[in-house]
Amino acid sequence: MTHRIALIPGDGIGIPVTEAAMRVVAASGADVRTETFPWSCDHYLQHGRMMPEDGIETLRGFDAIFLGAVGWPARVPDSVSLHGLLLPIRKAFVQYANIRPHRLLEGVEGPLKTRDFDILCIRENTEGEYSGAGGRVHQGTSEEVAVETSIFTRAGVERILRFGFEQARARRGKLASVTKSNAQRHSMVFWDEVTDELAAEYPDVAVTRYHIDAMCARMVMAPETLDVVVASNLFGDILTDLGAAIQGGLGFAASANIDPTRKNPSMFEPVHGSAPDIADQGIANPMAAFWSAAMMLDHLGQTDPAARIMAALEATTARGIGTHAGRDTTDAITQAVLTHLED
Ligand code: NAD
Ligand code: IPM
Ligand code: MN
């Protein structure tokens with residue numbers, strides 16, 4: 001079956017890594033038809049919106065969405081661009097599970113002494129600290145007040161934790177639930193309680209609760225002790241840049257924004273942003289985008305092309321190509337992966 005993919009390359013390095021990823025997808029034998037949407041900061045500057053008013057409705061008709069990166073803070077404030085494109089898609093399509101794998105590909109050297117870790121971060125992706133509830137009053141005066149309210153619902157917390165338990169069950173049977181319940185005694189204590197309730201349903205999964213600060217240290221000092229890590233939206237965001245760092249850098253970190261009910265299209269994107277500091281230099285590492293594309297094909301049931309991409313990716317890094325930041329060009333890395341795919 002041909003799957004229809006909506007491509008949103010976005011801004012900066014999002015554009016070349018998306019283009020490279022689609023060359024790799026085409027060479028993998030995947031059966032996809034793509035349509036590109038130029039929604040971006042450029043689009044905002046031309047039309048006053050990051051995407052058209054019916055953008056969400058347009059995307060709804062696709063089997064999946066692939067996004068490069070969004071944001072160009074020197075031209076459009078992030079508070080406008082990300083709230084006009086990336087975040088509304090995650091919410092509108094109830095992509096509540098943001099899955100981010102952290103392991104070292106063959107040949108990639110991370111900053112840690114150990115290579116022995118394989119962590120799956122599961123980030124809540126629709127509520128929590130990103131609920132958007134809040135406001136500002138008395139702006140610009142000495143009485144100014146800014147409020148940003150985190151919202152944790154039973155439905156939202158339960159479904160992400162359940163997703164984490166299921167992933168742990170399918171992997172090595174260990175779940176780490178991350179909160180800050182020693183300081184935040186309403187929402188985070190609630191999260192801990194729901195964790196304990198669900199643990200009774202999953203006697204085969206070993207659950208440990210960690211505080212976010214301790215988890216940051218553990219991911220650096222003892223990453224081999226972790227299997228599946230589940231966290232709220234903001235904690236998961238921060239932990240997964242740390243995860244990217246221990247796997248060799250943001251150029252390797254992939255992600256999938258999943259609606260596990262499959263009622264809506266899911267969205268696949270590298271963890272990194274638009275990297276304005278290196279955009280237009282031709283040196284963005286496209287491997288995070290390749291890995292994200294493989295996750296997309298897997299999700300769509302095109303498991304053979306997905307496996308071929310991962311094998312070609314790892315054969316490339318095993319030869320030391322793309323493993324040193326800035327040394328190999330986006331094109332050279334893409335060409336090396338394409339060569340392995342054609343073998
Ligand atoms: P960033 O991820 O864009 O860059 C952080 C650092 O990592 C930079 O030094 C960059 O050069 C490097 N880097 C990132 N990806 C790389 C790659 N593939 N290859 C080589 N080096 C890479 O984060 P930032 O600078 O905080 O954000 C830049 C813009 O991107 C902002 O507008 C931000 O809001 C946005 N952003 C978007 C997304 C997204 O669309 N999913 C994610 C993160 C940040
Ligand atoms: C990510 C990004 C986004 C997030 C930003 C760009 C809003 O950092 O996908 O990790 O915080 O979710
Ligand atoms: Mn992030």
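From which domains does the shell around ligand 2 draw at least three residues each? That shell takes at least three residues from domain 1 (1-107 + 250-343) and at least three from domain 2 (111-246), the bounds being those of an automatic or database domain assignment.

The structure is a predicted model, in which local features need pLDDT of at least 70 and side-chain atom pairs count only at pLDDT 80 or more, while totals for chains, interfaces and linings use all residues. Residues are numbered from 1 along each chain as its sequence is written, chains are lettered from A and ligands numbered from 1 in the order in which they are written, and side-chain values use heavy atoms, with hydrogens and water left out.

Around ligand 2 stand Leu82, Arg90, Arg100, Arg123, Tyr130 and Asp237, where a residue is taken as near a molecule if one of its heavy atoms lies within 4 Å of it. By class, four of these residues are charged, two are nonpolar and none is polar, with Tyr counted as nonpolar and Asp and Arg as charged. Oxygen atoms of ligand 2 lie 2.5 Å from a side-chain N or O atom of Tyr130, 2.7 Å from one of Arg90 and 2.9 Å from one of Arg100. On its own, ligand 2 has 320 Å² of accessible area, of which the protein covers 77%, as computed by the Shrake-Rupley method with a 1.4 Å probe.

Ligand 1 is surrounded by 22 residues, of which Val70, Asp78, Gly273, Ala275 and Asp277 are the closest. Its shell divides into 13 nonpolar, six polar and three charged residues. Backbone N or O atoms of Gly273 and of Ala275 each lie 2.8 Å from an oxygen atom of ligand 1, whereas a polar side-chain atom of His272 lies 3.4 Å from a nitrogen atom of the ligand. Taken alone, ligand 1 exposes 810 Å², and 70% of that is buried by the protein.

One cavity of 30 Å³ or more was counted, and the largest cavity holds about 50 Å³ of space, a volume being the space filled by probe spheres set on the grid points, which are joined across faces, edges and corners. The lining of the largest cavity consists of Leu87, Arg90, Lys91, Arg123, Asn125, Thr126, Tyr130 and Asn233.

Conventions:
A polar contact is a pair of N or O atoms within 3.5 Å; within protein, one must be able to donate a hydrogen and the other to accept it, and residues adjacent in sequence count only if both atoms are side-chain atoms. On a 1 Å grid over the protein atoms alone, a cavity is a set of points where a 1.4 Å probe fits but cannot get out, and a pocket is an open set with protein on both sides within 12 Å along at least five of seven lines; lining residues have an atom within 4 Å of a point.
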